[in-house]
Structures are given as C-alpha cells and as structure tokens.
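Let's take a walk through this structure together, one step at a time.

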Amino acid sequence: MDEHLATFLRGAYEMEQAPIISFKHVSKVYSNGTVGLKDIDFSIPKGQFLVVVGLSGSGKSTLMRTINRMHEVTEGEVYVENEAVSAYKGRSLRTLRRRIGMIFQNFNLINRSSVEKNVLSGRVSYYPTWKSVMGLFSAEDKQKAVASLNRVNMSEKIYARADELSGGQQQRVAIARTLMQDPKIILADEPIASLDPLTTKTVMDILKRLNQEDGLTVIVNLHSVELAREYADRIVGLRAGELVYDEPISAVTEADLNKIYQAI
Amino acid sequence: MTNANLPRRSWVQRWHVKGIGWTALMVLLLIGSSKMTDVNVGMFFSNLDQFADLIVRMSNPAWDYLSVIIQPLIETIQMAILGTTIGTVFAIPFALLAAGNLVHNKFLRGFDRLVLDLVRTLPDLLLAAIFVAIFGIGSTAGVITLAIFSFGMISKLFYEVIETIDMGPLEAMESVGASKITIIWYAVLPQIMNQFVSYFLYTLEINVRASTVLGYLGAGGIGVYLQRSLNEFNYGATAVIILATIVVVLIIDGISNHLRRVLL
Amino acid sequence: MQAMMSNNKPHLSLWRRWNWLVWLIIVAVVYVWAIGGLQFTGLQESAGSVSKSIVHGLVNPDWKYVYNGSGEDLVSLILQTLAIAFLGTIISSLISVPFAFWAARSEKEHYRLRSGSGKVVLTLIRTFPEIVLAIMFIKAVGPGSYAGVLAVSIHSIGMLGKLFSEAIENMDRGAEEAIVSAGGNSPQVFMMATLPTIMPEFISYTLYRFEIAVRSASILGMVGAGGIGTPMIFAIQTRNWPRVGIILLGIVVMVLLIDSLSEQLRKRLI
C-alpha cells in the first residue's frame, strides 16, 4: 500500500473514531407545527472546517443552535465530545457553551461599549456574577483581550466604541470576543452575510486560520457556494430541514451544489 | 510585547473623565434637589397612617354619587371636543405658515414657529387659572384653555406632517401657474388629510384627560366636583369621580384608537 | 373578467360613494351635541377690563420679584420647580424599570397574562390625575415640594413604564444571544447585554419625560405641592397682574431652556 495513502487512511480513521460533534437522528418540530429539522444524522470530526449550505429557512441556523442548546431538539440527540447535550443543565450547560464559540450575522456587539469591554464579555462564564457585572476583569484577562484582538488585527481599535467600526471590523471584534472563551468549536452563523466582498475574505481567512493553527473545529453556515468550495474541508447541504448532501471537498462538484439550491 | 501596538489613550479616556463627571453631576443634582425640596423619607413613613386612612376611605367608593357626576362628565367631553376643534381651526393656517416646504420666507416662518414654541411652553392648568380670572368660573374658561393648548400641540404636529409630503404634485401645479390656495387645496390637503384627522383624534384624547382636572381651578367639567369632594373630605365621592374619569378616558382612547387605525 | 369586474363595481361603490355623507352626519351630530350641551353662562362683564389689566401686567412685569434673597422669589422657586421635576423623574425612572419588564411582551409567552396585567396597571397609573395624587400626598407629608416630588414620581411611572416596555419589546436581542452563547447566566445577560443595549433609549425617554415633568411641577403648586405654582395662584387670586406677568415669563424661559437642553442631550444619545 502506498505510504501516503496509509497515513491518510489512519488519520481519517482516527478522525472517524473521535467525532467532536455528532447528530443522532435529530428532529425538531416547532410548537406551531413547522418542521425545523428532520432526522439529521451525521458526525463532525475534530478539527474539521465544515460548511453548511442551503436556502434561508432550510434549517441551517437551527441545526447550528442545537449544538450549544440555544435551540432544543424534539427528537434524537446531539453529542458534543461524546456527551449528550440534553444532559446539561444550569451551570454545566453554561460550561458547555463556554467551549463552543459563536459568531453571528449581525455581530451582536454592544454598540455603545468599547471594543475592550465587548471582547472581555466573552469571558463571562469564568467569573462570578458580581465580578463580571462590575466589570472587574483580571489583568491577565485584559492581556488576553489584547492578544485576542491581535489575532484578528484589531488591537489598535481596543478603546474605540463598537459602533464606530465598520461591519468587517465589528465581526473581527466578535471573533476576538469568542476567542476569550477558549473554545474548541466555533459556530459561525452566516458570518459574512452583512459584509462586502473584501471584508468577507478577511473574516473567512481568520476563521480558516483558527481552524488550521489552533485546530479549532469550525462550522460555518453560508449562502455562497463559491466561498464554501474555497474554504471548506467538507460541505453538507440542507433543504427543508433534511440533510440532502454530505461530501468531502475533494468530491464536491459544481453540479451537486446547484442541486441543493434547486427548489423541490 | 502584545501591548506594543495598542493605541495611547487620552487622559480623558484613561481616567474615565466622562463617566465620573456625569456621575458626579448627577449625584450633586440629586443632593441639591433633595435639599431644595425637603425630601424626607422618614416623614412619609411617619405619616403613613394618615395616608393609609385616606386610601382606606377612597377604597370605599360612594357609588350613589355616580348619578351626580354623569352630567359634568358629559360636559367634560363636550369641552374637550369643542376646545380641540377651535384649536385645530386656528392651528391650520399657522401650521401652513410654519412648513418649510411651502413658505420660503425664513423670517415669517421663524416668527411663526417662535410663537408656536411660546404657546407650547404654557401648562394647561396655568392657562385655566388665568382664563377663569378673565371669564369667570365655568366651562368657557375650560374651552378656551383647551383651544389654546391644542393649538400649540396641533400646529406643531401638522407642520411636521406637511414637511414630509411628496413635492411632485405641488411642483406640477406651480409650473402651470396655480395660486397658492389652489395648490394647498388640491396638492397638499389630499396628501395629509388622514394624518391630520389622526393627530386631531390624538389631541382630543389628551384634551379629555386634561379637561378632567381643569375644573379643579373652576374651568368647568368634572374637575369642579373633584375639588368639591376633596375639600369636603368626601373621599368616597373622590374615588367614584376618579374611577368614572378613568373609565371615560379609556373609552374615548379606545374609540379614538379604533378610528385612527381605520384611517391609517 | 372584464364583465365580472364591472358587475361588482356598483356594489362596491355604493358604500364608497356615500360613506363621506355618513361620516359628515356623525360629525355634525357630535358637534351639535357638544355645542348644545355647554352653557356659556357666567361670563363676567368685567372680562374686558380684566383682560386689559392682565395685558398691562404682562407688559409691565414685576421685575423686583425676580430675586430678592428671601428664598420666596422667582429664581428660587423656579429652581425648586426644577428640583421637583428632576427628583421626581429620577425616582420614577428607577421604579419604572421593573414595571417595564413586567409589561413588556416576550416572544415565548403564549398567553399574555403577565404583560397584559402590567399594561393595565400602567394605564391606570397614567390615567390617575396627577393633581389628585399631589393632594393625596399633601395629606401624607404636608403641603410643600416634597408632596410634588412624590406626585411626579408616581404619575410618571405610567408613561415611562409604557415607553420603556415598548423599548424592551423592540430591542435588538443580539447582544443577549451573544452573552448566552458565551455561557453567561441570566443576571450576567441582563447586566452585560440587556441593560447596556437598552440604556440609551431609557435615558432618552427619561429626558423627554423630564420636559413634561417640568411643566407639571410648575402647576402642582396651585394645589399646594411646592414650586412656582403657589405664588402664581396667589398672584392670580389677588389680581396682582405684574406678578403674574413675571412668573409667566419665568416659566416660559425655564421651559424653553429645559426643552432645548434636553433636546441637545437626546440628540447626542442617539
């Protein structure tokens, strides 16, 4: 057997052995009867850059939010690091969420607060309530905030107000905030939908770097097929809450992707 | 090392001058105004029994008083309708004069707005006191008070509406040489009629509320009876008056809200 | 198609064509009722001469009253009026916050018992006449500006609570979501996301309500609850028109200054 192929296969096998997230027959029906997710069943190995594509309303956001329990599932189970997320409650749920960073389409910063304050707020779960509320963050964490901002090239804006920044800059600050959690997984829900093409590339490059340099597992919801092909290790497609596509990037073809976007 | 590319904070930022300054100003104002108004928390609680006695007596409404106050309640509504109407009639020309897109004479417009601003500074009860002195006790003083009060309010609401109209039809008519009055009648009024009526009803709501207390100073309506019952320590009657007033105000609000929804 | 539409037309336009007349009749009836019901009796014959002396008084205000160091002069009482409005508004804004969260509708709520009851309470507070509140507090703490402060504090809750609760209903929930996803507990979410997001609007509404409170504080004195209203009603009752003139002038200047100051601050907030 070819040596390279053997290494690859062993790597692939190990990855298969240790999925960081797995969905087991996950379904979600909203209280008004709308079906959000239908029997989703797949696993995400550690360190993968996964892109989820699909039309808006196909269930991408819902799927993502079942991982950190921002949404509850009605059937099946989601496992993160081999633990069923439904078992978490209160404090343990918050420590689960700490391990999973999240980035949003609208950045979700506190507009009138400084960049520094916004970034430090990613650290909340490490502090008792009264300390975090009074803004009493330790000197190390303030250093850490600078370091996080450095990773997204935003440290020179540390004292600026969040709403003084451009969209791309705000998203980078949001990523720095997420890094404060020391996450193992990053969920990015349409992170570039409100950005122009140039800043889109900056933000996607940062996500890719976090994936490659820090080994973070990154899951990104995207509209754009081109970007998906450019950055993903693997692409899954959703349509009307169902998993209709799942291929490693090497096997993805243009024709496949177009199919996902075709109306039923 | 990581701090190398941090920007320097100005001393205003470093010492939180703004935050501390505002806090200090607020604390000073609070201390100053509590001194000036002799606020004394203890006094309130030491007289709590008197207050409680009042509440107890008010919570036994003298329902037979209801028959006495129906006529003045009706009078109150009539005062409000008439006052609002008179105010509106006078407000329309002033509103047209104050609208920047109709009147290009800056001096005329500025003077008009100054008059309107001055009228709006006068509280309704103060006007009532003066008009009672002029016209004597009775609903005349009330109607005139409400007319002036609604004049100030409506003219401002109206000219703000006029300034938002679509100028296209106006320019079209101007180009064919129509007179100012013709333009207003055919190009301005149709665009703003619904909003005018809506604001009229809104002002009517406010005037109904206001008219219930004008009588306290002798300007007619239910307020006369309110004052009488309070002077006679007849708190059961006071309670009935207040309850009946609240019911009337809510009914008028309901009707007016419904009409405004139909209109817009 | 064409035929169908023209068939329908007369039906539709019957109401359309005549509904203006229906409205006209309704409006006419309302006005006949309103004008017919009022008695414009009790008109004093002296109205003319009184108006003349009022105008004379307004044109020749009692300048000596502006400041005489007694603490009962115009400047002192205007300041006292502002103090009543300020303190009342601040107290009210604090009490309004829990009321607002009580009355704000949330998406999760299926039956609206909580928010509905909150809205009813706020409406009742708003509709309860402020001068009656002032008179009630006078019974409790005696006449003076303290009663005025209490009246403004309680009455303003009705409006501030309503405005605050609407701000909460319409607020952007993004920052809250971010803190939740970072593992914050509910007090942390409230203090680090909800409050900072909503604060500018709360402050802006509070300033707006302060403008209104200044107006009401200047009349509460007419029933004995402190401020400039007390000398005003005395001056009117004793027909001291130059005094009335200077007080009116004082109120106008005060209100204009406060309005423009508050407007400046509100502009900077948004």
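Predicted model: local features only at pLDDT ≥ 70, side-chain atom pairs only at ≥ 80, totals over all residues.

Two numbers are used to describe a packed pair of helices: the angle between the axes and the distance between them.

Which residues of the two helices meet? From helix 7 of chain B come B:Leu126, B:Ala129, B:Ile130 and B:Ala133, and they meet C:Met232, C:Ile233 and C:Ile236 of helix 9 of chain C. Sorted by class, this contact has seven nonpolar residues, with no polar and no charged ones.

An unreviewed UniProt entry lists residues 20-40, 77-104, 212-234 and 240-258 of chain C under "transmembrane region". What does the model show over two of these stretches? Residues 212-234 of chain C are 65% helix and 0% strand, and the C-alpha atoms at the ends are 23 Å apart. Residues 240-258 of chain C are 95% helix and 0% strand, with 27 Å between the end C-alpha atoms.

Chain C also touches chain A. Here, 22 residues of chain A are in contact with 19 residues of chain C. On the chain A side, the elements that give two or more residues are helix 3 (90-99) and helix 5 (129-134). Helix 3 of chain A gives the most, with four residues. By class, the side of chain A that touches chain C has seven nonpolar, eleven polar and four charged residues.

Now look at chain A as a whole. Its secondary structure comes to ten helices and ten strands. The radius of gyration of chain A is 19 Å, close to the 18 Å that the globule rule gives for 264 residues, so chain A is as compact as a globular protein of that length. Along its principal axes, the C-alpha trace of chain A spans about 50 × 40 × 40 Å.

How much of chain A is buried? Buried residues make up 44% of its 264 residues. Finally, consider the contacts in chain A with a separation of 6 or more: residues 24 or more positions apart account for 70% of them.

Definitions and conventions
Residues numbered from 1 in each chain as written. Chains lettered and ligands numbered in written order. Rg over C-alpha atoms; globule rule 2.2 N^0.38 Å. Buried ≥ 20, exposed ≤ 12 C-beta atoms within 10 Å, placed from the backbone. Contact = placed C-beta atoms within 7 Å. Nonpolar A, V, L, I, M, F, W, Y, C, P; charged D, E, K, R; others polar. UniProt positions renumbered as here; feature names shortened; annotations may be inferred.
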